[in-house]
Amino acid sequence: MTIAPPEPTTATTVVRGACPHDCPDTCAMLVTVEDGRAVDVAGDPDHPYTAGGLCVKVNNYLDRVYDPGRVLFPMRRTGPKGSGRFERISWSDAVDEIATRLRGIVDEHGPEAVMPVSYLGTQGILNGLNVGDPFFAELGATVAERTYCDSGSCTAYAMTIGDTAGVDPESLVHSRFILIWACNIQSTNLHLWPYITEARKRGAKVVVVDPVRTRTAAAADQHIALRPGTDGALALAMAHVIIAEGLTDTDYVEHFTVGYPEFAERVEQYTPEWAETETGVPAETIRTLAREYAGAQPSVIRIGVAVERHAGGGQAVRALSCLPGLVGAWRKPGGGILQLPLWAFPVNWGAFMHPEMLTPGTRVINQYRLGSALAGEMDGPPLKALFVYNSNPVVVCPDQDKLVAGLQREDLFTVVSEQCMTDTADYADIVLPATTQLEQDDIMFSWGHLFVTYNHRSIAPLGEAVPNTEMFRRLAAAMGFDDPVFRRTDAEMIAEAFDWSHPHMQGITVESLQEQGWQRLNVPSPDEYAPHAEGGFPTGSGKVEFVASAAAGGNFVVPLFRQGSNDHQPGQPVDPLPHYIPPRENAAGDPSLSNRYPLNLLTPKSHAYLNSSFGNHEFHQKVQKEATLVIHPDDAAARGITEGAQVQVFNDRGRFTLVAKLDRTLLPGVVVSAMGAWRKHSRAGATLAAVNPTAFADLGNAPTFSDTLVEVEIA
Ligand SMILES: Nc1nc2c(c(=O)[nH]1)N[C@H]1C(S)=C(S)[C@@H](COP(=O)(O)OP(=O)(O)OC[C@H]3O[C@@H](n4cnc5c(=O)[nH]c(N)nc54)[C@H](O)[C@@H]3O)O[C@H]1N2
Ligand SMILES: Nc1nc2c(c(=O)[nH]1)N[C@H]1C(S)=C(S)[C@@H](COP(=O)(O)OP(=O)(O)OC[C@H]3O[C@@H](n4cnc5c(=O)[nH]c(N)nc54)[C@H](O)[C@@H]3O)O[C@H]1N2
Ligand SMILES: [Mo]
């Protein structure tokens, strides 16, 4: 099989590509190329989900590709760490220096003194999550646990209904009741919104559960503002009402669920009145919500990532995943729960992770604890080398001050592969130039729809930039790694990307994808897609597990979230029934803390940045505007804070400075700052990551960003 990249041509051509970003929408892109230069990117009008539109972030993708600040050549540090002063070197010098340093560190301290740091700068199967896994496994480096995003949610979801794709997002047009829970669709999952609009035209009601009146909440029929981290209380109280008022689908419960009697007994205590005291949502509102959710079938719950991000986040997702089974929502297209439909894609993860290459017992460090790890607070050898790619930890990891202090260590050897000089790249000893999506071939799954998308390289790599695949080929050669896995070409990897014999891939081949750009998985149409109308859940029992058999094995991190792992990694035992765990940093949990730090900080996604990507582009900065702290006027007045005042947000972990924005629609006691803005653009050399905790949620080692107490004062 051969892959034919488009030949350079003087004519104008349109090349089919795929948006690479870590976003549920994975848009099909059309790249117009003239004389070898890309002149336009657009959404494919024929793709049902992309529907001809990209988004405010990616419309200007060419500014990113041709940014004068692009990293185009390997560079070696010449100034102090963090100064951003570098000199150009050749690829062979860079690779030799990296290999020599890594070998020296391995000889002196053992391979676990090296740690990779990566996530989803690109989501492509080739260049994304697992591209470095075999290299670091062969080296014997510390295993990086990457529970950045939805890991706790996935553990909870899998415990309850298995790793099912759940509802087809395109089926949402058939939903009668759409419950959007901790998801700011109009910013983070834009292409889903037209389906919701269509459902509404057909009579559906749309309710948003979010402490913040986001643009999505404002556009819904109803906004239920609950206290952060109390989602489990609301979901369990809904179950209480549904059961107490006889609103269950008894036939569905009888045939397709297990543990109903125990669940019914468990939720007796979770009355709406009790939930009102936890959530701040009136008991009557909870009753009405439960009745409407149960009564309007098919109903669907769209859960966002923030449900997992507090002490009891896992159990909150458990409770939410139980609700559709209780009311029989799964019976019809458009009913059930929508989390990550990525499980529908038979990605051949093993061919990329190569779990068999890991040495059993190798030290595992969660990337959220990188600051502590660099400070030498972990068991095992000190970290002496970091290799960062596809990620910008200085902005996206908690405990920023400690992390930056660690990156400043003169005895630490840091390599960063990047497209641009991020806050993290500034601390590198060696920077390696990475291609953008227009300069590389890749093949994409999606975590927001059911289409496979092919990304054709549309232009030649700029400067000496290389895809991550090529970077690891060069590094492996320099290290003398001779496993054939390190010599695979991109074409060979594409051929291995999926289990092509899986029923979902029927009619889909590399060639057909190259030709057509994208294809829907071979699954029933959105008008007929109801995979669990008659059970068939990928759980131990094949049913919705109110009593979770998987809980007996303990808390676990699902495959994907740990480098090279394709096994569930069991942890502490878990109560097999859903239950409520209140936020950790609250008055009940720690009164001394909440006296000093009475405000709950939320850090949702920015509208115009993609995590921290695009934070360096003028256009995106203009749309996003300067980072603000949104605060209720009463909380502001109590602190003498006025609109536009410069404020400091702080707790025992750190502090950051930004501008106050007063908003009466916000719950008192809650403050909000969108994540993604860069540290070097900040007012006082720190971003919100300085105050976020490294503590995990109850399941899947999820982060607890929404479980963060702070105080605010005039700066
Ligand atoms: N524009 C844009 N789009 C993106 C991204 C981006 O950075 N920018 N990032 C992409 C990525 S990686 C992801 S994971 C997705 C995430 O997309 P979403 O799931 O939408 O994630 P967030 O924006 O973090 O949070 C969603 C909402 O949860 C609310 N929230 C916070 N804490 C709580 C809580 O305790 N309970 C409840 N009920 N709500 C809470 C926030 O106010 C916010 O409105 O977006 C993707 N799309
Ligand atoms: N406080 C707070 N922190 C959060 C979150 C939150 O809600 N609040 N959300 C979390 C979530 S959901 C996520 S997913 C993570 C995201 O964390 P990350 O995945 O680290 O996201 P980005 O900040 O976008 O950093 C990706 C980097 O990869 C680079 N890159 C892009 N393509 C390539 C490539 O092909 N090769 C190489 N070598 N580099 C490339 C980009 O330039 C960018 O600098 O952040 C988490 N952090
Ligand atoms: Mo994410």
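A residue counts as buried when its relative accessible area is under 20%. The legends below describe close-up views of a predicted model.

**View 1. Ser417 in strand E16.** Ser417 belongs to strand E16, which spans residues 413-418. Its relative accessibility is 4%, so Ser417 is classed as buried. Ser417 is also one of the residues that come nearest to ligand 2. Along the chain, Ser417 and Tyr252 are 165 residues apart, and 51 Å separates their C-alpha atoms.

**View 2. The surroundings of ligand 2.** Around ligand 2 there are 34 residues, and Ser391, Ser417, Glu418, Ser612 and Ser613 come nearest. The shell is made up of 13 nonpolar, 16 polar and five charged residues. On the backbone side, a polar atom of Val396 is 2.9 Å from a nitrogen atom of ligand 2. Of the 910 Å² of accessible area that ligand 2 has on its own, the protein covers 97%.

**View 3. The surroundings of ligand 1.** The residues around ligand 1 number 33, and Thr188, Asp210, Asp231, Tyr609 and Asn611 are the closest. Divided by class, this shell holds 17 nonpolar, 11 polar and five charged residues. A backbone N or O atom of Ser606 lies 2.8 Å from a nitrogen atom of the ligand. For Ser187, the distance from a polar backbone atom to a nitrogen atom of ligand 1 is 2.9 Å, and for His607 the corresponding distance is 3.1 Å. The protein covers 97% of the 910 Å² of accessible area that ligand 1 has on its own.

**View 4. The aromatic pair of Phe136 and Phe472.** The structure holds 25 aromatic pairs, and Phe136 and Phe472 form an edge-to-face pair, with 5.8 Å from centre to centre and 80 degrees between the planes. The pair links distant parts of the chain, since Phe136 is in helix H3 (residues 133-139) and Phe472 is in helix H18 (residues 468-479), 336 residues apart. Both Phe136 and Phe472 are buried. These two residues also belong to a cluster linked by ring pairs, together with Phe135, Phe387, Tyr389, Phe481 and Phe486.

**View 5. Arginine side chains over aromatic rings.** The charged end of Arg37 sits over the ring of Tyr66, at 3.8 Å from the ring centre. For Arg64, the charged end sits over the ring of Phe614, at 5.1 Å from the ring centre.

**View 6. Thr708 and its contact with Asn692.** Thr708 is placed in the loop between strand E28 (670-672) and strand E29 (709-714). With 0% relative accessibility, Thr708 counts as buried. Its side chain makes a polar contact of 3.3 Å with the side chain of Asn692.

**View 7. The cis peptide bond at Pro298.** Gln297 and Pro298 are joined by a cis peptide bond, with omega about 0 degrees. Pro298 lies in the loop that runs between helix H12 (283-295) and strand E12 (299-303).

**View 8. Positive phi at Ala51.** Ala51 is a residue other than glycine with a positive phi, near 50 degrees. The residue is found in the loop between strand E3 (37-43) and helix H1 (61-65). Ala51 has 53% relative accessibility and therefore counts as exposed.

**View 9. Positive phi at Asp150.** Asp150 is not a glycine, yet its phi is positive, at about 75 degrees. The loop that holds Asp150 lies between strand E7 (143-145) and helix H4 (151-161). The relative accessible area of Asp150 is 6%, so this residue is buried.

Key: Residues are numbered from 1 along each chain as its sequence is written. Chains are lettered from A and ligands numbered from 1 in the order in which they are written. This is a predicted model: local features need pLDDT of at least 70, side-chain atom pairs count only at pLDDT 80 or more; totals for chains, interfaces and linings use all residues. Side-chain values use heavy atoms; hydrogens and water are left out. Rings of Phe, Tyr and Trp (its six-membered ring) pair if their centres lie within 6.5 Å; planes under 30 degrees apart count as stacked, over 60 as edge-to-face and the rest as tilted. Helices (H or I, at least four residues) and strands (E, at least two) are DSSP runs, numbered from the N terminus. Buried means under 20% relative accessible area, exposed over 50%, partly exposed in between (1.4 Å probe, protein chains only). A charge sits over a ring if NZ of Lys or CZ of Arg is within 6 Å of the ring centre and within 35 degrees of the ring normal. A residue is near a molecule or strand if one of its heavy atoms lies within 4 Å of it. A polar contact is a pair of N or O atoms within 3.5 Å; within protein, one must be able to donate a hydrogen and the other to accept it, and residues adjacent in sequence count only if both atoms are side-chain atoms. Accessible areas come from the Shrake-Rupley method with a 1.4 Å probe; for residues, only the protein chains shown count as cover. Ala, Val, Leu, Ile, Met, Phe, Trp, Tyr, Cys and Pro count as nonpolar, Asp, Glu, Lys and Arg as charged, and the others, Gly among them, as polar.
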